[in-house]
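Please open the structure in a viewer and keep the selection tool at hand.

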Amino acid sequence: VMKLNPQQAPLYGDSVITVQLSEEDKVEDDVVFYLVFTGSTVQHCTSTRKINPGSLETISPGHDCCETVKVALCASREGHPVLVVAEESFQFVQDEAYDAAQFLATCAGNQQALNFTRFLDRSRPPAADVDFLDEKVALAFRHLKLPAEWNVLGADQSLTENVPRETLMHFAVRLGLLRLTWFLLQQPGGRGALSIHNNEGATPVSLALERGYQKLHQLLTEEGAREPDSWSTLSHTVHSGDYSVKHHRGLGVYLLTAEA
């Protein structure tokens, strides 16, 4: 028997899972443990790291749909066959951050929806909440399968630069969302959004200045600005055909994902 904590993860993954081993599985140092997640169309294998003799740590993979999957704990030892030592079920769920990213992605050009995000700003969440929101929504946004024609400024590209309007970039900057701003900057229309004025005549750049967001202002204006520190900067993904391998440098954990 093994215990997974938590027993679910958001679709975009990248959260820490702790594995509690049963008494009989607490073994010598030369045993290496892996977790294999089997979904309906995708399978993931993650390496683990030992925290103490009775528990391991790994990173949850990003999954392709909301479902309950089977997780097998496998033990491997040089010169011995790989053994499945325990099985447990695990759930991939769509959380609020994922909903928020989807909402923002679909309302890129929608002025009513973007005005709603301005209304939210009046409540000014505390800095710790903003940081949490920024981290999670940026991770979720990365995981969304955005259509090829997706643009930060919305679908209607016929709008010229001089039409005053609210953009997703105004939203991200107004709340001080560093990582989301960085993500949007890399997308089509991201750079173009920087010079668009809203109805008060503010651009995302002038908003960052006016609100005293120094780091954010640097991100928008400096040539060599680097990606802000985040959970995703700790991981590096390589794709090859139906496979992808992700290395999480923070925990030294590898994740292999394959179409089942």
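**First stop: a residue in a strand**

Please select Ser89, which lies in strand β9. The model on display is a predicted one. Is Ser89 buried, partly exposed or exposed? Its relative accessibility is 39%, so Ser89 counts as partly exposed. Leaving aside residues up to four places away in sequence, Ser89 touches Leu4, Thr68 and Val69.

**Second stop: aromatic rings**

The model contains 6 aromatic pairs. To view one of them, select Phe37 and Phe90, whose rings are arranged edge-to-face, at 5.6 Å centre to centre and with 80° between the planes. This pair links distant parts of the chain, for Phe37 belongs to strand β4 (residues 32-38) and Phe90 to strand β9 (residues 83-93), 53 residues apart. Phe37 has a relative accessible area of 1% and is therefore buried. Phe90, at 1% relative accessibility, likewise counts as buried.

Phe92 is buried, its relative accessible area being 1%. Through these ring pairs, Phe37, Phe90 and Phe92 are linked into a cluster.

Please select helix α8, residues 214-221, and highlight its buried residues Leu216, Leu219 and Leu220. To see what covers the buried residues of α8, display elements including α4 (168-174), α5, α6 (190-193) and α7 (204-210).

The structure holds 2 cavities of 30 Å³ or more. The largest cavity has a volume of about 60 Å³. Select its lining: Glu135, Ala138, Leu139, Arg142, Arg179, Trp182, Phe183, Glu227, Pro228, Ser230 and Ser232. Which helix gives the most to this lining? That helix is α3, with 4 residues. Both α3 (127-143) and α5 (178-185) supply at least two residues each. By class, the lining of this cavity has 5 nonpolar, 2 polar and 4 charged residues.

**Last stop: the largest pocket**

What is the volume of the largest pocket? The computed value is about 890 Å³. The pocket is lined by 30 residues, and those closest to its centre, to be selected together, are His143, Thr237, His239, Ser244 and Lys246. To display the elements around the pocket, select β5 (42-47), α3, β10 (235-240), β11 (243-248) and β12 (253-259), each of which supplies at least two lining residues. Colouring the lining of the largest pocket by class shows 8 nonpolar, 14 polar and 8 charged residues.

Technical notes
Residues numbered from 1 in each chain as written. Predicted model: local features only at pLDDT ≥ 70, side-chain atom pairs only at ≥ 80, totals over all residues. Heavy atoms only, no water. 1 Å grid on protein atoms, 1.4 Å probe; cavity = no way out; pocket = protein on both sides within 12 Å on 5 of 7 lines; lining within 4 Å. Points joined across faces, edges and corners; volume = space filled by probe spheres on them. Nonpolar A, V, L, I, M, F, W, Y, C, P; charged D, E, K, R; others polar. Phe/Tyr/Trp six-rings, centres within 6.5 Å; stacked < 30°, edge-to-face > 60°. Buried < 20%, exposed > 50% of the residue type's maximum accessible area, 1.4 Å probe, protein only. Contact = heavy atoms within 4.5 Å.
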